[in-house]
Amino acid sequence: MSGATFKPSDTVDFLVIGAGSAGGVMAKELSTAGFRVVVLEQGPYLTDKDYRHDEIRYTYQAGLTNDTKVQPITYRKNESAPAKLAKAIMYGRQVGGGSVHFTANYWRFHESDFEERTQFGEVAGAGLADWPIKYADLEPYYTKAEYDLGISGLGGANPFEAPRSKPYPLPPMPVKSSGVLFDRATKRLGLHPYPAPMAILSQPYQGRAACVNCGFCEYFGCEVRAKSSTLVSVIPIAEKTGKCEIRPNSYVHKIETDAQGRATGALYFDANRREVFQKAKAVVVCSNGAETARLLLLSKSKRFPDGLANSSGLVGKYLMWDTGAAAMGLFEHPLNEYKGIQVTRVIHDYYKADPKRGFYGGAGIDARFNYYPANFALQGMPPDAPKWGAEYKKMLSTYFTHTMTVLSHTSSLPQLSNSISLDPDVKDSWGLPAMRVTFDFHPDDVATLKWTLPKQKEILEAAGATKIWASGIAVEDNIPSTHLMGTCRMGNDPKQSVVDRYNRSHDVPNLLIVDGSSFVTAARQQPTATIQALAYRAADYAIRNAKG
Amino acid sequence: MQSTRRLWLSQCIGIAALAEVAAAQQHAHDAVQSSPPPAFQTLDPATAAEIDAITSQIIPSTDGPGAHEAGVIYFIDRALSAFDADLREAYRTGMPEVQKKRKAMFPDSASIAALTSEYQVQLIHAIEHTDFFELLRTHTLYGFLGNPNYGGNRDHIGWKLIGFEDRMAFQYPFGYYDAQANGDGK
């Protein structure tokens with residue numbers, strides 16, 4: 001915390017709302033280009049000194065994510081179902097956002113992900129569409145992200161990956177037992193395993209030390225700064241410019257506009273719940289694929305009665321979900337998967353959608369273990385195991401160290417009926433309308449999960465698992481969603497999309513929307529690399545425009 | 001895809017007293033830093049003994065120490081005093097239901113703790129599909145396997161049982177198969 005300090009009455013060049021994966025990148029790019037930037041973040045400013053190996057705080061209390069006790073969320077499957085309180089959406093809520101607590105999977109999208117409508121065709125009941133940009137438009141920015149943030153991986157090892165202009169800046173992380181078993185099994189099955197690209201340092205990089213294999217990545221903040229969150233990579237660079245202020249505990253609830261319909265700044269509640277207005281020449285919303293839509297809907301005015309940037313009526317629509325299923329296997333010898341990063345091997349053999357299957361969809365599949373002692377005991381055991389008692393206790397003593405997961409990351413079709421909206425009844429503890437989530441799977445989402453799960457089990461079988469079990473594939477088994485995509489989709493036609501190909505609002509000329517909300521399709525999950533590549537690209541064009 | 005999804009969903013059922021809970025949450029972290037308290041903060045000793053009897057069947061002390069020795073009941077008391085203050089009501093209404101069940105099944109019994117182990121097991125089978133039992137199980141396992149700073153998992157009893165070590169750093173190899181692969185020169 002060493003950046004500039006601005007007054008709310010100072011008209012800064014850019015006001016960034018949200019200091020997460022995208023907001024951190026925007027802050028760095030804009031401030032190093034010489035602009036004055038204020039970043040408003042809902043959550044606190046924590047650092048590596050604040051983080052702990054504390055499962056009660058970080059998995060049970062979900063200490064680094066949104067707290068539904070103060071910011072309730074309601075959920076319903078469809079518009080005719082009653083919306084009930086549930087943590088249906090989960091996102092990082094501190095400086096660094098989700099990049100602080102994510103597993104750190106860092107997959108680029110494939111070339112086909114940007115043109116699936118053309119390649120695959122129409123899907124009944126879904127709004128499958130091409131992106132207005134191609135992979136080649138984004139490639140330089142994927143590369144920039146990988147080098148700026150510090151990504152470990154092995155370029156070219158995945159035969160299905162899109163062309164890369166440069167190798168990863170760091171070699172892949174060493175393989176764990178789950179990766180070795182997965183590697184052997186998938187090769188035996190004629191598949192193509194490759195080292196997982198991870199936003200975790202395999203070697204020292206840019207003044208940060210390499211990972212020490214403590215094992216506390218997913219749900220946790222890294223205590224040695226080896227996870228390449230925006231908190232430890234780009235945000236310190238932004239602050240060092242002396243032109244960027246990161247202002248935590250600042251909960252934005254309205255973007256204001258002037259008589260010409262241009263954004264003038266944003267109203268927020270500070271840590272003492274006082275309302276403050278920060279003036280700015282331009283506003284960049286990076287509040288994640290769920291909160292961004294909610295903020296735009298909250299920002300309605302006489303001029304924008306349906307919410308800001310919403311002339312298309314599509315703000316909040318086409319919400320896509322973090323979809324996948326787990327197959328788990330028990331092995332004869334100890335794996336001790338709790339040590340080290342969660343994921344070391346991946347396959348993309350089943351990634352691309354193929355009309356011959358009779359449904360739209362595909363999957364990336366990885367070898368992992370993302371359990372900690374208590375949540376493993378509660379969630380990781382086979383469904384036919386006892387849930388308490390002497391036999392349960394005995395099983396725990398071997399299962400925790402002898403189990404691994406083969407996890408699928410599957411497609412999620414954009415559907416108009418899936419949305420983020422404002423709950424008409426429930427309010428948060430600031431008195432603002434709560435987020436209402438409406439989501440159900442498309443039949444093809446379910447078909448994809450059903451098609452993929454036997455392949456996951458087949459891998460475990462080929463790896464020699466002595467017992468195999470699986471998670472459910474119902475929507476309820478996929479709640480909460482932590483990948484928040486699609487609610488301000490990108491497109492060339494202002495009637496069919498919310499932002500243009502440079503993440504600029506079609507309706508408000510000085511409003512950028514940069515996060516997972518601009519995704520047209522969900523690819524096969526792991527959205528962070530693409531969120532950040534889009535941020536680098538949006539910043540590049542915003543800087544060129546602002547400098548004329 | 002998150003592994004603790006259903007748990008979080010089940011935690012979000014009740015939402016009364018938002019501000020009170022928010023305040024409790026803010027103090028929760030500080031409140032749990034010291035060693036276990038000599039007395040209970042929220043539970044009365046009689047109820048605590050009854051809950052302890054149930055948790056001691058969830059993780060029994062057969063073949064080594066269980067929930068009782070790990071001090072799970074102290075974790076539950078701390079949780080209800082701080083970050084799970086909103087779940088006090090679930091205990092306040094849940095325990096009398098269990099007692100009602102006990103009296104129906106074992107009319108001559110005085111308490112859960114006084115039942116034989118065999119009867120305790122029968123009683124738990126009768127309640128194991130209730131939301132309240134799922135809460136007891138969740139609290140028991142976080143108390144047994146969570147960070148010892150919260151009053152449970154004394155002497156790392158839970159971690160020792162499952163083979164978990166809490167260290168700041170580990171060296172490869174971690175398990176049998178990566179050691180084997182390295183040995184192969186793979």
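Modeller: Start with pairing: two strands pair if DSSP finds at least two bridges between them. This is a predicted model. Strand 7 (residues 251-257) and strand 8 (residues 263-269) of chain A share six bridges, in the antiparallel sense.

Biologist: What makes strand 7 and strand 8 of chain A a pair?

Modeller: The cut-off is at least two bridges. Strand 7 and strand 8 of chain A have six, so they pair. One bridge joins A:E256 to A:G265 in strand 8 of chain A. Five residues lie between the two strands of this hairpin, and A:G261 in the turn has a positive phi of about 80°.

Biologist: How do you know that strand 8 pairs with strand 9 of chain A?

Modeller: By the bridges again. Strand 8 and strand 9 (residues 275-285) of chain A have five, against a cut-off of at least two, so they count as paired. The sense is antiparallel. A:Y268 stands opposite A:V276 in strand 9 of chain A. This hairpin has five residues between its strands, and A:R273 takes a positive phi near 65°.

Biologist: Which strands form the open sheet of chain A, and in what order?

Modeller: Six strands, in the order 5-11-12-13-10-16, with antiparallel pairing.

Biologist: Why are strand 5 and strand 16 of chain A called edge strands?

Modeller: Strand 5 (194-195) and strand 16 (467-470) of chain A each pair on one side only. Inside the order, strand 12 (residues 363-368) and strand 13 (residues 403-410) of chain A pair over six bridges. There A:G364 stands opposite A:H409.

Biologist: What packs on the sheet?

Modeller: Helix 11 (residues 443-462) of chain A does, touching strand 10 (326-330), strand 12, strand 13 and strand 16 of chain A. Its direction makes about 150° with that of strand 13 of chain A. Helix 6 (residues 177-188) of chain A lies across strand 11 (343-347), strand 12 and strand 13 of chain A. Helix 6 of chain A runs at about 15° to strand 11 of chain A.

Biologist: Why is A:D67 called partly exposed?

Modeller: Buried needs 20 or more C-beta neighbours within 10 Å, and exposed needs 12 or fewer. A:D67 has 17, so it falls in between. A:D67 sits in the loop between helix 2 (55-60) and strand 3 (73-76) of chain A.

Biologist: Now chain B. What makes helix 5 and helix 8 of chain B roughly perpendicular?

Modeller: The label covers 65 to 115 degrees. Helix 5 (residues 72-81) and helix 8 of chain B cross at roughly 115°, with axes that come within 8 Å. The two therefore count as roughly perpendicular. The crossing is right-handed. B:V72, B:F75, B:I76 and B:A79 of helix 5 of chain B take part, with partners in helix 8 of chain B including B:H139 and B:F144. By class, the contact has six nonpolar, three polar and no charged residues.

Biologist: How many residues of chain B are in contact with chain A?

Modeller: 52 residues of chain B, against 61 residues of chain A. The chain B side divides into 32 nonpolar, 13 polar and seven charged.

Key: Residues are numbered from 1 along each chain as its sequence is written. Chains are lettered from A and ligands numbered from 1 in the order in which they are written. This is a predicted model: local features need pLDDT of at least 70, side-chain atom pairs count only at pLDDT 80 or more; totals for chains, interfaces and linings use all residues. Helices (H or I, at least four residues) and strands (E, at least two) are DSSP runs, numbered from the N terminus. Two residues are in contact if their C-beta atoms, placed from the backbone, lie within 7 Å. Axes are lines fitted to C-alpha atoms, for helices over the stretch in contact, and angles run from 0 to 180 degrees between N-to-C directions. Ala, Val, Leu, Ile, Met, Phe, Trp, Tyr, Cys and Pro count as nonpolar, Asp, Glu, Lys and Arg as charged, and the others, Gly among them, as polar. Angles under 35 degrees count as roughly parallel, over 145 as roughly antiparallel, 65 to 115 as roughly perpendicular and the rest as oblique. A crossing is left-handed if the near helix is turned anticlockwise from the far one by less than a right angle, and right-handed if clockwise.
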